[in-house]
Amino acid sequence: MCQRIECPNCKGKGYETCYRCNGLGFYSYTNDDGEQAVEICVRCDGKGTIECTRCWGRGTIIDTF
Ligand SMILES: [Zn+2]
Ligand SMILES: [Zn+2]
């Protein structure tokens, strides 16, 4: 028996906040010259959100029991 339920990880949205940049889409860091630099987050490609790793962007999961 299985049924499709709303993904508890992303609450049905299909995406979640990027944990690497905290949803900013970029991060700032101090480079070797002591200057403040900004780099686009490679994990979310600058979007700030990533595909939910539990439902793979579908927003629902199949609950088996
Ligand atoms: Zn990111
Ligand atoms: Zn999800």
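Tutor: Buried residues make up 14% of the 65 residues in the protein chain. A residue is buried if 20 or more other C-beta atoms, placed from the backbone, lie within 10 Å of its own, exposed if 12 or fewer, and partly exposed in between. This is a predicted model, in which local features need pLDDT of at least 70 and side-chain atom pairs count only at pLDDT 80 or more, while totals for chains, interfaces and linings use all residues. Residues are numbered from 1 along each chain as its sequence is written, and chains are lettered from A and ligands numbered from 1 in the order in which they are written.

Student: What is the mean pLDDT of the protein chain?

Tutor: The mean is 94, and 98% of the residues reach 70 or more; pLDDT is the predictor's confidence in each residue, from 0 to 100.

Student: What makes up the largest nonpolar core?

Tutor: Its 5 residues are Cys7, Cys10, Cys52, Cys55 and Ile61. A nonpolar core is a set of buried Ala, Val, Leu, Ile, Met, Phe, Trp, Tyr and Cys residues joined through C-beta atoms within 7 Å. Leaving aside neighbours within four places in sequence, Cys10 is in contact (C-beta atoms, placed from the backbone, within 7 Å) with Tyr15, Glu16, Cys52, Cys55 and Gly59.

Student: Why does strand E3 lie largely in the open?

Tutor: Of the 5 residues of E3 (residues 26–30), the number buried is 0, so the strand lies largely in the open.

Student: How do you know that E3 pairs with strand E4?

Tutor: Two strands pair if DSSP finds at least two bridges between them, and 5 bridges join E3 to E4 (residues 36–40), the two running antiparallel. In one of these bridges, Tyr29 has Ala37 as its partner. The two strands form a hairpin with 5 residues between them, and Gly34 in the turn has a positive phi of about 80°.

Student: Why is Gly12 called partly exposed?

Tutor: Gly12 has 15 other C-beta atoms within 10 Å, so it falls in the partly exposed class. Gly12 is in the loop between strand E1 (2–6) and strand E2 (15–17). The C-alpha atoms of Gly12 and Gly59 are separated by 4.0 Å, though the two residues are 47 residues apart along the chain.

Student: Why do Lys11 and Asp45 count as exposed?

Tutor: Lys11 has 11 other C-beta atoms within 10 Å, so it is exposed. Asp45 has 12, so it counts as exposed too. Phi is positive in both, near 55° for Lys11 and near 60° for Asp45. Most residues other than glycine have a negative phi.

Key. Contact = placed C-beta atoms within 7 Å. Helix = DSSP H or I, 4+ residues; strand = E, 2+ residues; numbered from the N terminus.
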